[in-house]
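Dear colleague,

I am passing on the structure below, and my notes on it follow. Please read them with the coordinates open.

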Amino acid sequence: MDETVVKKTRANKKKVVIGISGASGIIYGLRAVEVLNEYGYDQYVIITNAAIKVAEKENGIDLVHEVRKFTSNIFMENEIDAPTSSSSFTVTTKGMIIIPCSINTLAYIAHGFASNLLARSAINYLRSRQKLVLVIRETPLGQIELYNALKIAKAGGIIMPASPGFYIKPTKIQDLIDFIVGKALDLLGIRNELYKRWSKSDQDPSYQVS
């Protein structure tokens, strides 16, 4: 293939930024990376030091090694010179999902603390009015966390708790994982069939909305 054509193909490839922070639910982030790879997206994955520790404890995996199966664009939280640290890069992408999003990361973004690559990148999405989805998994949420979430929502971010729906009638854990990942991709406008969507025909005949 002509070199010019190759460069144009790469330039036009769809891009998504995925952040994986140190909250429980690393499997959500890993599944998102896997699916986006299947869909042909050029991914830029930001991994925090805490995420590596949680992945090892929670899933018994080397997170960087697992993500590398799907993309070579992997950046650690201290790599401030990565492409996503510039708002000029964010406008070339479909958006950013932090999945899972820790309460610590939520706080950094809400207060504009761009002290690591993950927070800095997310703040870039807010200030350039691009799509940012934070899949928070912590529970319960106190007044401080709710206030931080509200600040981000007011700034244009989307707060998506990792709360799976059971109308899909899940039969395995993977069904619940795919529900959350599918919902997050929906919010970036990425079409997917990871979960069964709500349909009135699926309702129990005896069920009535009051």
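Axes here are lines fitted to C-alpha atoms, for helices over the stretch in contact, with angles running from 0 to 180 degrees between N-to-C directions, and helices (H or I, at least four residues) and strands (E, at least two) are DSSP runs numbered from the N terminus. The contact (heavy atoms within 4.5 Å) is made by Thr105, Tyr108 and Ile109 of H6 and by Leu118, Ala119, Ala122, Ile123 and Leu126 of H7.

This is a predicted model, in which local features need pLDDT of at least 70 and side-chain atom pairs count only at pLDDT 80 or more, while totals for chains, interfaces and linings use all residues. Residues are numbered from 1 along each chain as its sequence is written, and side-chain values use heavy atoms, with hydrogens and water left out.

In H6 (residues 103-110), Ile103, Thr105, Leu106, Ile109 and Ala110 are buried (under 20% relative accessible area, with exposed being over 50% and partly exposed in between, for a 1.4 Å probe and protein chains only). Seen down the axis of H6, these buried residues fall within an arc of 160 degrees, so they line one face of the helix.

As for the backbone, the peptide bond from Ile99 to Pro100 is cis, and Pro100 is placed in strand E4.

Definitions and conventions: The arc is that of the directions from the helix axis to the C-beta atoms.
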